[in-house]
Amino acid sequence: MTPDMLIAAALILPLVIAAGIAAFGKFPNLREGVTIIGSIALFAVVVQLTMLVSSGARPELYVGEAIPGLAFAFKLEPLGALFAVVASGLWIVNSFYSIGYMRGNRERNQTRFYICFAIALCGAMGVAMSGNLFTLFVFYEILTLSTYPLVAHKGDAAAQRGARIYLLTLLGTSIGFFLTAIMWTWFLAGQRLDFVDGGLLATAEISPVVASALLLLFVFGVGKAALMPFHFWLPNAMVAPTPVSALLHAVAVVKAGVFTVMKISIYIFGDELLQATPSREFLMDVACFTIVVASLIAITKDNLKARLAYSTIAQLAYVVLGAMLADRAGVLGGSLQIAAHAVAKITLFMCAGAIYVASGLTNISDMRGLGRKMPLVFIAFFIAALSIIGIPPLAGDWPKYELMQGAIDRGSDWVPFVLILSSLLNIAYLLPIPILALMPPPGSKPPKEFKRPGGAPWLTVAAPLFTAGLCFVLFFMVDPIADFLAPAFATVDIDPEVNIP
């Protein structure tokens, strides 16, 4: 297949899968077979595209103009390929996990669930492969709309309320801020919205005030990045089934948000303009504030999914911080965080789901000693927690190292202390969970009997064990990943010395 055909296949395949799921909706085995085979096929297409990008090619696809000057265009570069590989690869794992979870928990409307999931992956592929801001915005909104029914899946009052907050927050920020920033960029760049090496706006004559306002609109307009104060949709979305939570936190939604922030920083602003934009440092402060405050809130949450939700808010801010550092180490650290956090956080959420299916427990205080009955689940949780903390040899170590290096290169010597504090807070809110489950204090009450005979379905145990293993694999793959991403950062200064106006 030619490169443009491969991009078309990556965009169309999820829709074909959704149609197949709808066609076989009354036959669960066939329906889920379509999901598994389709997800594997999508991953194979993305891997082929990634190999082309690795060889130096930049696959492109031009579809046409919506209106004169606004084109649907796609172009895959290293950062987009990384996001596409993460999203499509983890979709396979999450699909297997979803079969065990949805059947084990006897969830209703499973056909609708799998259809919306497939459409969401179409949105994620479009975001990853977009060649301009217009295309990215369209697929960003497809991702929002397709995941709304997933958040509202249970249909009760809490699910409907969480889904409304989810939809209104993401649409409000994207239409109110993100779209405004795109229109302003269109005017400033001479009616262009293309992603350009070195930055579309790098040659435009823009005052520091205008650049600052535009950057604020972009970063806060990408509500999926969950930067405070536009983070509250994420904890409210935890009413969704656990596979959806994994989709929101690891596979597509929030990763699309921070990926968008990173891509705008590199290909719309460029490092020189970004370094000279006064609001960049303010956004660094906001990211650090989000890291610390979200971690402190996480400690107070007894509900496991709520604690993991606030953990995600804190961890996403690492990527925004890396983008705002605007040097090579910082941008690399933020990009590595997209992959490292994805495999660790999907593991944590899948463990939470396995616990719920087996025992019906949602509160951490009720899980003491449960690890004696579910040792593999809590071992996987323990490994993923260590990766989030940043312990080698696990994937989460490298992003923090690169971010610290980037902050030192930038002269922001206080940022490493924020990252160290973040790791200490990670220890406080994550490690007690598996430790008390596997090694409860003497005299602790034994955990309740499983609500499901036989405990968690084997697919809900095997999936997090697999992704926990990926936390080790990614640690040792950091050099080839960094080399693969290097062309995306070719125009970013290694050791910037720029005076901020």
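A: Contact here means heavy atoms within 4.5 Å. This is a predicted model, in which local features need pLDDT of at least 70, side-chain atom pairs count only at pLDDT 80 or more, and totals for chains, interfaces and linings use all residues. Residues are numbered from 1 along each chain as its sequence is written, and side-chain values use heavy atoms, with hydrogens and water left out.

Leaving aside residues up to four places away in sequence, Q110 touches R31, E32, M102 and R103. Q110 belongs to helix α4 (residues 110-129); helices are DSSP runs of H or I with at least four residues, numbered from the N terminus. With a relative accessible area of 13%, Q110 is buried (buried is under 20%, exposed over 50%, partly exposed in between, with a 1.4 Å probe and protein chains only). A polar atom of the Q110 side chain lies 3.2 Å from the backbone oxygen of M102.

Two of the residues touched by Q110, E32 and R103, form a salt bridge whose closest N and O atoms are 2.6 Å apart. E32 lies in helix α2 (residues 28-54) and R103 in helix α3 (residues 78-104), so this pair ties together parts that are 71 residues apart in sequence. A salt bridge is a side-chain nitrogen of Lys or Arg within 4 Å of a carboxyl oxygen of Asp or Glu. E32 is buried at 3% relative accessible area, whereas R103 is partly exposed at 38%. R31 joins E32 and R103 in a network of salt bridges. By this rule, the count comes to 5 salt bridges.

Technical notes: Helix = DSSP H or I, 4+ residues; strand = E, 2+ residues; numbered from the N terminus. Polar contact = N/O pair within 3.5 Å; in protein donor to acceptor, adjacent residues only side chain to side chain.
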